[in-house]
Amino acid sequence: MTDRETHLLIVEDEAPLRQATAERLAEHGYLVVEAESGEVAIEQLAKFAFDVVLTDLRLPGIDGTAVLEAALERYPEIVCIVVTGFGTVKDAVDAIKRGAAEFITKPFQFDQLLHVLSSALEQRRLRSENAYLRSQLEERYRFDGLVGQSAPMRELFELLETVAGASSTVLITGETGTGKELAARAIHHNSDRRAHRFVALNCGALPETLLEAELFGHIRGAYTGAVSNRAGRLEAADRGTVFLDEVGTMPPSLQVKLLRVLQERELERLGDTRTIRIDVRVIAATNANLAQMVTDGQFREDLFYRLNVIPVRLPSLRERRDDIPLLVQHFVERLTGQDGGRRDVRVTQEAMRQLMGFSWPGNIRQLENVVERALALGRDRTQLDVADLPPEIREGPSVGQPQPVEIPEEGVDLPGHIAALERRFIQQALAETDGNKQQAAERLGLKRTTLVEKVKRLRPQ
Ligand SMILES: Nc1ncnc2c1ncn2[C@@H]1O[C@H](COP(=O)(O)OP(=O)(O)OP(=O)(O)O)[C@@H](O)[C@H]1O
Ligand SMILES: [Mg+2]
């Protein structure tokens, strides 16, 4: 029946029935505790986490419904079976609505009870197994808020997990919208600094003087407008993590000061002579090519090496198109979950194909915006179709977008162009297959005979 001991509480005011049932259940391996009233049952429930409550609905004093509610409130996983008198089906239905697993009508055969019990327990086992499997699956598809199951994302999750354990400086690179900030937060939340602050600062969003004050803080009167003493973001992140976004835009004078913080772990507030020691982990991010900027003399080489202790590169969405369905589903669920009660939205095959074919220069942020727009404007509230996508995605023949063509004044010889293109493909296919016509034809999606014919027809160059 069950693979471990099952603790059952039987609540019944008729003593002979209660005792007889308890005895027989015990014979079948159940560990039974008896309660002669609702009051006693609730006391027992407070003391012990039973697997099953078998309760009569009609009880003097506190009735079965109240026992049921008390049990479920305390142990949402508990299996409740209610026993009802003949002709009180309405009560039974009501009990099921309140969360009872099953009901059984008096008088009942003992075998009937056994059957109801074991099927309810089996259902509970399956339910918890499913929940477990689901959580396992989800874990493989995500790392904190990052969703992905493609090979590059799995590698990334592994790297992030390792990186989180260390305290070294991390440099996150990746195109815009690839999840750099999300990755930085994930590192922080999985590190032992998680109890302290994660402080983000976008170096590209502030003019030099403000950026300096934001980073290092200032004392009163350090500059016009500095009306009080104030800690900077680096100080605020003490024992936590500071996230320096768009670090490539940092002006040279600040690059020197940041270098010192990384080397010495100390700083002074603007206008102050006091040195403050800080224990902060730095995670920097950039969508610029910092190495190139070093070569071009735009970024300090020593700072680059200090930042680039652990490089983390986020793949573009183009490199992991197979994650698109999962991401779309993730955004649909998140976005529809917002307006109360989840909407079931199906994405048509054709729409998904277009989404997977697009080049996504704005990466995941762009995908998120497209899904949001489609959900907001979509005419069919349950289906997301090609027509709901923005024109560039709807129309795109997408993978490896063709270059736009230009037609010169004097016009073009289209048949000539096509023939030339055909020749190039055929020559390439034959070269790649060492002249094997069967294989070359397969590469080109042609029948062998068609290829042979075309080769014959091709004018010699
Ligand atoms: N793997 C992912 N799974 C789910 N959502 C993601 C993922 N990556 C990014 N996002 C979402 O995409 C959006 C952009 O992410 P984020 O701001 O971290 O990107 P970014 O690389 O910092 O972009 P930028 O360079 O423009 O600052 C956010 O809304 C984020 O929640
Ligand atoms: Mg960002």
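This report describes the domains, the ligand shell, several secondary-structure elements and some backbone details of a predicted model.

Residues are numbered from 1 along each chain as its sequence is written, while chains are lettered from A and ligands numbered from 1 in the order in which they are written. Because the model is predicted, local features need pLDDT of at least 70 and side-chain atom pairs count only at pLDDT 80 or more, whereas totals for chains, interfaces and linings use all residues.

**Domains and ligand shell**

The protein chain is divided into domain 1 (7-135), domain 2 (146-313), domain 3 (317-395) and domain 4 (421-457), with bounds that come from an automatic or database domain assignment. Taken over C-alpha atoms, the centres of domain 1 and domain 3 are separated by 46 Å. Ligand 1 lies between domain 2 and domain 3, because both give residues to the shell around it. Of the 18 residues around ligand 1, those that come nearest are Val147, Thr176, Gly179, Lys180 and Glu181, where a residue is near a molecule or strand if its C-beta atom, placed from the backbone, lies within 6 Å of it. Two or more residues of this shell come from each of β7 (146-147), α7 (180-189), α13 (324-338) and α15; helices (H or I, at least four residues) and strands (E, at least two) are DSSP runs, numbered from the N terminus. The shell holds five nonpolar, nine polar and four charged residues, with Ala, Val, Leu, Ile, Met, Phe, Trp, Tyr, Cys and Pro counted as nonpolar, Asp, Glu, Lys and Arg as charged, and the others, Gly among them, as polar.

A residue is called buried if 20 or more other C-beta atoms lie within 10 Å of its own, exposed if 12 or fewer, and partly exposed in between, with C-beta atoms placed from the backbone. By this count six of the six residues of strand β15 (residues 281-286) are buried, so β15 is largely enclosed by the rest of the structure.

| Strands | Bridges | Residues standing opposite |
|---|---|---|
| β8 (residues 170-173) and β15 | four bridges | Val170 and Ile283 |
| β12 (residues 241-245) and β15 | four bridges | Thr241 and Arg281 |
| β3 and β4 | five bridges | Asp56 and Val83 |

In helix α2 (residues 38-47), Gly38, Ala41 and Leu45 are buried. These residues are on the same side of α2, because they cover an arc of only 55° around the axis, the arc being that of the directions from the helix axis to the C-beta atoms. Glu43, Ala46 and Lys47, on the other side of α2, are exposed.

**Backbone details**

Lys106 and Pro107 are joined by a cis peptide bond with omega about -10°, and Pro107 is placed in the loop between β5 (102-105) and α5 (110-141). Asp144 has a positive phi, near 55°, in a residue other than glycine, and is partly exposed, with 16 other C-beta atoms within 10 Å. Trp360, in the loop between α14 (349-357) and α15, has a positive phi near 50° and counts as buried with 23 C-beta neighbours inside 10 Å.

Notes: Pairing = 2+ DSSP bridges.
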